[in-house]
Amino acid sequence: MGDVDLDRPPYTPFFGAMGATAAMAFSALGAAYGTAKSGTGIAAMSVMRPELIMKSILPVVMAGILAIYGLVVAAVIANSIDAEYDLFKSFCHLGAGLSVGLSGLAAGFAIGVVGDAGVRGTAQQPRLYVGMVLVLIFAEVLGLYGFIVALILATKTKN
């Protein structure tokens with residue numbers, strides 16, 4: 001029997017790859033839901049008030065940013081997988097991917113619901129726009145928190 005390195009079993013890269021997958025898949029799901037839900041609100045609102053279409057694109061843009069968070073973390077994780085990859089690093093990468101992915105999914109749901117209702121409400125009462133933007137910012141920051149934690153985890157090294 002050869003030497004067995006308990007720090008680098010053959011399945012170690014799997015956890016890092018799953019972290020990158022979770023980062024991209026879950027954050028893209030959140031972005032897609034936020035875009036679709038807000039888009040239906042924009043389509044319904046634009047029938048009555050077509051001049052507000054460009055002003056109402058904000059929730060769609062904010063939802064798209066969530067996918068960028070996942071893409072950045074997935075790229076950082078994927079570029080870290082090499083011959084010196086150990087279990088500690090792979091578990092940190094799995095946690096990083098889940099952190100940004102699931103927080104992006106939750107933020108996408110929030111942005112979608114707020115964007116849909118906010119855009120429809122703004123068509124009837126324009127003063128609601130500022131309130132909608134504030135709530136959208138608070139929803140987006142949930143994804144940003146997950147992104148920050150993911151970057152910390154993805155760059156963590158064993159001391």
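Modeller: Start with the contacts. Among those in the protein with a separation of 6 or more, 85% join residues 24 or more positions apart. The model is predicted. Its secondary structure comes to four helices and zero strands, in the order α-α-α-α.

Now the overall dimensions. The C-alpha atoms fill a box of roughly 75 × 25 × 15 Å along the principal axes. Of the 159 residues, 40% count as buried.

Next, the helix pair. Helix α2 spans residues 58-80 and helix α4 residues 128-154. Their axes come within 10 Å and cross at roughly 0°. Angles under 35 degrees count as roughly parallel, so α2 and α4 are roughly parallel to each other. On α2, the contact is made by L58, P59, M62, A63, I65, L66, Y69, V72, V73, V76 and I77. On α4, Y129, V133, L136, I137, E140, G143, L144, F147, A150, L151 and A154 take part. The contact residues divide into 20 nonpolar, one polar and one charged.

Last, the loop between α2 and α3 (87-124), where D82 lies. D82 has a relative accessible area of 48%. Exposed requires over 50%, so D82 is partly exposed. A polar atom of the D82 side chain lies 3.1 Å from the backbone nitrogen of E84. D82 and F109 are 27 residues apart in sequence, and their C-alpha atoms are 35 Å apart in space.

How values were computed: Residues are numbered from 1 along each chain as its sequence is written. This is a predicted model: local features need pLDDT of at least 70, side-chain atom pairs count only at pLDDT 80 or more; totals for chains, interfaces and linings use all residues. Side-chain values use heavy atoms; hydrogens and water are left out. Axes are lines fitted to C-alpha atoms, for helices over the stretch in contact, and angles run from 0 to 180 degrees between N-to-C directions. Helices (H or I, at least four residues) and strands (E, at least two) are DSSP runs, numbered from the N terminus. Angles under 35 degrees count as roughly parallel, over 145 as roughly antiparallel, 65 to 115 as roughly perpendicular and the rest as oblique. Contact means heavy atoms within 4.5 Å. Ala, Val, Leu, Ile, Met, Phe, Trp, Tyr, Cys and Pro count as nonpolar, Asp, Glu, Lys and Arg as charged, and the others, Gly among them, as polar. Buried means under 20% relative accessible area, exposed over 50%, partly exposed in between (1.4 Å probe, protein chains only). A polar contact is a pair of N or O atoms within 3.5 Å; within protein, one must be able to donate a hydrogen and the other to accept it, and residues adjacent in sequence count only if both atoms are side-chain atoms.
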